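Take a look at the model below before reading on. The report then goes through it chain by chain.

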Amino acid sequence: MKRTLLFLTLAAVLIAGCAPAQAASVPSFETSVSPEAWARVPAGKFLMGPHNHETLIDYDYEIMATDVTNAQYARYLNEALAAGKIKLTGSQIVGYYPGDVFHNYKHEKRIDAGDWLYVPLDERGLRLAFDGKTFAANPAYENHPMVQVTWFGAKAYCESYGWRLPTEAEWEKAARGTDGRPFPWGETIARNNANYYDSRDPFERGLGKQGDTTPVGFYNGATYDGYQTLDSASPYGVYDMAGNVWQWTADIYEGVHYRFMRGGSRGNYDYNLRVWTRNDARPDYYGPSVGFRCAR
Amino acid sequence: MQAITDRFKYLFRLTKGLALVGIAMVALTTAIFSTLSGPMAEWGIKDISVRLLGMRLVEAEREGRIVMLYHSIAMAVIAIEVYFITALVPMKDNQRLTINTTVTFGYLFTMIFGLWFGYWGHNWILHGLFLLGLSLMLFAGITLSVALWPWRTEYRVTDRTYAHGPGEIDLERTAFFTMALATLGSVIVGAIPGSYFGNGFESFLAENVIRQPHKTPLELAVIGHLHIMLVLIAVAIMLVVSRWFDFRGALHKVAMPLTIWGTLIITLGAWLVVPFEAIAHYIIYAGSTLVMLAALLLVIYGFGKLIRDRLAEQGIQKASLGQKFAALFHDPLKFGSLWQMVFMNFTTSGPGIFMAVELDKIIRQWPGREERIILTGHWHMLSAIIATIILFYFADLAGLKGKARQWLGWLIIVGSDIAFVAVDIFELKRLFIGEASQQPLVDWTMLFTDLGLGTVVIVLAALMIWRLVDLFKKNGRWKQELAEAAQEVSQ
């Protein structure tokens, strides 16, 4: 009897442990930072990587002031669907990609021309809904970064407006400016600088330390229901360059099928938010902490 | 003054004292520096430590600091193993004294000045003294290899139940010698890139370059170095446990050649990572198989011996299965030292092999950060397993008996094993759960990891406090041990 009770208790604990946590309700905040805004980055040298290697970007460019939001991506999907640029295959949104040059390096995988996944529609953590005709962002997440999007989906979004994904160098310069700082706002990180693991923002309540995405531009020095943020823009006025979601970048390197991401996410410890930290994944990878922004 | 001299003599001349200081230094380092990351950072302890201790943590130097920390702890662990070896393996007294003295200065210099340099500021003298410490360790290694030379006639095997080669060469001694020699070569493999990266302060962690298609020879050398050093530390503690159990007989005669050849082959494989990365893995697998087989034979012998000795002690001639198990579990220190070797296969070798076999099919479908978590967890666990075996041996050496022996032994076994399983589930969580649903699983695995490791740390603290309190006693256990050692020398 005792053994049965012990077994049942353990089983109950394990089942409870595996049940996904749910926030009671998603807080809704306007951040006053427009996701339509762009920041200009002037041509010139900057210090790249942890060892501050002097790197030149010899052209001016602009980068989105925030990550692409769910509302923006839903708008794009509706336009692209109407224009026949994307297809629905089962529960997947797919689109054409011309393929990578294959070098047959060790561990390299072929990325051939064809239809590749943009967004999986049935994936937990996706904040979009599709009623058979129209895509719409979940109202509570309209101004949160678009997630569960592959590199193909991110690239297609940017290119559909005549833009592109930023290269790693462009991304890093936009994040840290020219003075070699490790975080967009300066030398050290505090909990109210960014959305990271156990940063104790309002979106962690009820969900645990990984929490949820925060609205883009959330860390702008404003106070939300008593939660004071620090203004965490980069020297060029770019927000969310540390934490919240990883951001796809454009570079394709010889012999590597992976694509690289920057910025760290809500699921990472603070040191992963240093501007030079990289993550990588297959271009058809998607995750609830992976988003992007564009450059032009 | 005499009281201080006596205690100094105990702590820096006796194997027990030297090992105690080494373990205490590792414990202290772990206690301080573990506050800088993981749950301790989450709880805000990091900020307190940094403020209280006046640390100067520059974000860009994190990787470099960690490299200094790893070396500091590794040198202390190597020193502890060297103390065990010089006490267990016959050698000349002056050799023993030279080796122990050099290795003690070596690890203390490395640890104190390395950490000072890394965490409190950049003074070139500190860095120089850190390098001096590493150089002393190398010199101690050379001296140890000379002392372990197996072909001297006085070290030939006289009891033929021990593994021996042509001319009665002691194969266990040869295994120690091979391990020491392999370590020296592997040190060079690390020292070359170390001097390059160290000079430019362009340090990196190997787990951050895993998916780079082109690794430079120096990057490959770092990867080879860190792997082989941990393997050789593991081989060393396995040989120490062999001596502890007085491993002999048929299994010993098979295990020792396997250890010698396995050590040589793995080392060769690790060195060949630089010029022939593609085939190096296969050589490493072959060597690992031999060493793991040797460890298995030691475990079989050791378990049998534990049962036989206990039953003989109890005067039981024909034991039931239950009595045999009771005898096996009777001494958690000795059982634990072997059990951890078995358990390692489930928590470290098993997942490691799985990862190697399914690398492209499964692991590399995940983001790089996930692979990094597995690698980091993998070698942290291997290090922790080695540390627990060292603790078991030291606790026995320190004369822990009765209930304290039982509590310490079982708490370390259960605590560490729970933590290792939890870490395994955590690091391989993508096999069965997506990121969007992972938080409860992460919370549970972290809880069990913290509880398990916390238990081990508390037990370690208790052991250290026990010996520290004893040192303050006029006629404590230390005095008795000092007297015993003096008696042994006079005999």
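Of the 296 residues of chain A, 47% count as buried. Keep in mind that this is a predicted model.

**Two chains side by side**

Start with the secondary structure of chain A. It has 4 helices and 15 strands. Chain B is built from 17 helices and 0 strands. For its 491 residues the globule rule gives 23 Å, close to the radius of gyration of 23 Å, so chain B is as compact as a globular protein of that length.

The table sets out some values for each chain.

| Chain | Span along the principal axes (C-alpha atoms) | Residues that count as buried |
|---|---|---|
| Chain A | about 75 × 45 × 40 Å | 47% of 296 residues |
| Chain B | roughly 60 × 55 × 45 Å | 42% of 491 residues |

Now consider contacts within each chain. In chain A, take the contacts with a separation of 6 or more: residues 24 or more positions apart account for 70% of them. In chain B, 75% of the contacts between residues at least 6 apart in sequence join residues at least 24 apart.

**Where the chains touch**

**Two loops of chain A**

Most residues other than glycine have a negative phi. Two residues of chain A have a positive value. A:Ser32 is one of them: its phi is near 70°, and it is not a glycine. A:Ser32 sits in the loop between H1 and strand E1 (38-41) of chain A. Is A:Ser32 buried or exposed? It is exposed, because 9 other C-beta atoms lie within 10 Å, and the cut-off for exposed is 12 or fewer.

A:Asp198 also has a positive phi, about 65°, although it is not a glycine. Its place is the loop between helix H4 (168-176) and strand E10 (223-224) of chain A. A:Asp198 has 18 C-beta neighbours inside 10 Å, so it counts as partly exposed.

**The domains of chain B**

The domain assignment divides chain B into domain 1 (1-148), domain 2 (158-319) and domain 3 (331-491). The C-alpha centres of domain 2 and domain 3 of chain B are 19 Å apart. Between these two, 15 residues of domain 2 of chain B are in contact with 19 residues of domain 3 of chain B. Helix H9 (217-244) and helix H11 (277-314) of chain B each supply at least two residues of the domain 2 side. H9(B) gives the most to that side, with 7 residues. The residues on this side of domain 2 divide into 12 nonpolar, 1 polar and 2 charged.

**A closer look at H9(B)**

H9(B) has 28 residues, which at 1.5 Å a residue should span 40 Å; the end C-alpha atoms are 40 Å apart, so the two values agree. This helix is mostly covered, with 22 of its 28 residues buried. After H9(B) comes B:Asp246, whose phi is positive, near 50°.

In soluble globular proteins, nonpolar side chains tend to be buried together. Here the largest nonpolar core has 133 residues, and B:Ala76, B:Ile237 and B:Leu298 touch the most other members. Which helix gives the most to this core? H9(B) does, with 19 residues.

What does B:Ile237 touch, leaving aside its neighbours within four places in sequence? B:Ile237 is in contact with B:Glu81, B:Ile386, B:Ile389 and B:Ile390.

Notes
Residues numbered from 1 in each chain as written. Chains lettered and ligands numbered in written order. Predicted model: local features only at pLDDT ≥ 70, side-chain atom pairs only at ≥ 80, totals over all residues. Buried ≥ 20, exposed ≤ 12 C-beta atoms within 10 Å, placed from the backbone. Contact = placed C-beta atoms within 7 Å. Domains from an automatic or database assignment. Nonpolar A, V, L, I, M, F, W, Y, C, P; charged D, E, K, R; others polar. Expected span 1.5 Å × (residues − 1). Rg over C-alpha atoms; globule rule 2.2 N^0.38 Å. Core = buried A, V, L, I, M, F, W, Y, C linked by C-beta atoms within 7 Å.
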